[in-house]
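Hi,

Here is the structure I promised to hand over. Have a look at it first, then read on for what I found in it.

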Amino acid sequence: MVRPLVLTQTTTRVLEPGELGAALAILESEPVANAFVTSRVQVAGLDPWRLGGEMWGWYADGRLRSLCYSGANLVPICAGPEAVRAFADRARRTGRRCSSIVGPAGATAQLWRLLEPSWGPAREVRTHQPLMVTEEIPAVVAPDPFVRRIRKDELEVIMPACVAMFTEEVGVSPLAGDGGLLYQARVAELVGAGRSFARIDDGRVIFKAEIGAATTQACQIQGVWVDPEYRGRGLSESGMAAVVRYALADVAPVVSLYVNDYNTPARAAYRRVGFREVGAFMSVLF
């Protein structure tokens with residue numbers, strides 16, 4: 001018996017504000033992996049100006065199935081192979097406007113394979129960045145009692161450490177281009193929201209980290225940094241334990257982060273604090 005051929009109608013377009021509910025349903029289906037984009041959409045909706053970019057949707061048989069955030073980052077969301085191909089076609093037509101492609105490793109790798117001939121070469125490709133989570137206050141590592149929220153009047157104190165972390169992690173200074181105005185605004189936003197944490201000894205930042213994305217289901221720690229002169233003393237572990245305690249108490253029931261696979265000391269420190277690997281991200285930096 002020969003089955004009839006079923007034709008699936010697919011299309012890709014920019015989401016409209018009235019599709020917010022459908023977009024959130026997809027985002028919240030994978031709350032940890034999608035925390036970054038979900039947090040932005042929950043605050044800004046789908047208006048490109050407020051969101052800082054467009055939200056592309058891939059539709060099959062009239063239903064929204066996958067998303068792709070196109071702003072400073074290009075982020076495939078819950079995207080299978082067909083959706084990724086459609087997003088790559090749209091990205092090629094619009095041209096590269098992002099500084100990175102980042103997302104779940106499988107979809108991001110396929111997206112980059114399709115875009116590399118026209119968008120490459122990249123400055124750096126990080127193919128495997130373990131995604132780690134915890135839902136419990138660390139049982140083995142005691143939280144550093146000196147790690148606390150940064151006050152709004154301490155922005156000038158924390159900023160040099162933030163710049164040092166970004167430059168070390170990304171390979172370029174966040175002060176390039178616009179003089180750091182956008183980056184300083186982002187740091188100020190996190191400080192103002194009470195999501196910037198540090199240990200400051202005699203006016204010097206020894207350890208710092210931020211909760212960069214936060215939803216009711218999950219939050220994501222970013223920007224973990226220890227002053228080079230103080231590394232190797234366990235400050236990253238006790239500092240992270242303190243931030244996790246704050247996050248679980250005040251922000252979300254699941255705390256996540258992703259880390260470069262070659263950063264063996266950091267991965268070991270996070271495991272000691274109670275994080276476990278649940279997946280992997282990939283980043284393409286331009």
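Predicted model: local features only at pLDDT ≥ 70, side-chain atom pairs only at ≥ 80, totals over all residues.

Residues are numbered from 1 along each chain as its sequence is written, and side-chain values use heavy atoms, with hydrogens and water left out.

**Cysteines**

C98 has 6% relative accessibility, so it counts as buried. C162 is buried as well, at 1%.

**Two helices**

Helices (H or I, at least four residues) and strands (E, at least two) are DSSP runs, numbered from the N terminus. The expected span of a helix is 1.5 Å times one less than its number of residues.

Take helix 4 (81-94). Its 14 residues should span 20 Å at 1.5 Å a residue, and the end C-alpha atoms are 20 Å apart, so the two agree. The buried residues of helix 4 are A83, V84, A86, F87, A88, R90 and A91. They pack against strand 1 (10-14), strand 2 (54-60), strand 3 (63-70), strand 4 and helix 5, where contact means heavy atoms within 4.5 Å. Just after helix 4, G95 has a positive phi of about 85°.

Now try helix 5 (residues 105-119). A straight helix of its 15 residues would reach 21 Å at 1.5 Å a residue, but the end C-alpha atoms of helix 5 are only 18 Å apart. Where does helix 5 bend? At R113, by about 35°, with a proline, P117, following within four residues. The bend at a residue is the angle between axes fitted to the seven residues ending there and the seven starting there. Among the buried residues of helix 5 are A105, L111, W112, L115 and W119. Their cover includes strand 4 (73-77), helix 4, strand 5 (100-104), strand 6 (124-134) and strand 12 (276-285).

**Cores**

A nonpolar core is a set of buried Ala, Val, Leu, Ile, Met, Phe, Trp, Tyr and Cys residues joined through side-chain atoms within 4.5 Å. The largest one has 26 residues, and I221, M240, V243, Y270 and F275 touch the most other members. Strand 9 (204-214), strand 10 (219-226), helix 8 (235-250), strand 11 (255-258) and helix 9 (264-273) each supply at least two residues of this core. Helix 8 gives the most, with seven.

If you zoom in on F275, and leave out residues up to four places away in sequence, you'll find it touching residues including M132, I221, M240, L257 and Y270. A second, separate core of 25 residues includes F87, C98, A109 and W112.

**Salt bridges**

Side chains of opposite charge can pair when their charged atoms come close. I count a salt bridge when a side-chain nitrogen of Lys or Arg is within 4 Å of a carboxyl oxygen of Asp or Glu. The structure holds 19 of them.

One is between R149 and D250, whose closest N and O atoms are 3.0 Å apart. R149 lies in strand 7 (residues 148-149) and D250 in helix 8, so this pair ties together parts that are 101 residues apart in sequence. R149 is partly exposed at 31%, and D250 is partly exposed at 48%.

E277 and R267 also meet in a salt bridge (2.8 Å, N to O). E277 is in strand 12 and R267 in helix 9, so they link parts ten residues apart in sequence. E277 counts as partly exposed at 38%, whereas R267 is buried at 18%. Elsewhere, salt bridges that share partners join R148, R151, D153 and E154 into one network.

Enjoy exploring!

Key: Buried < 20%, exposed > 50% of the residue type's maximum accessible area, 1.4 Å probe, protein only.
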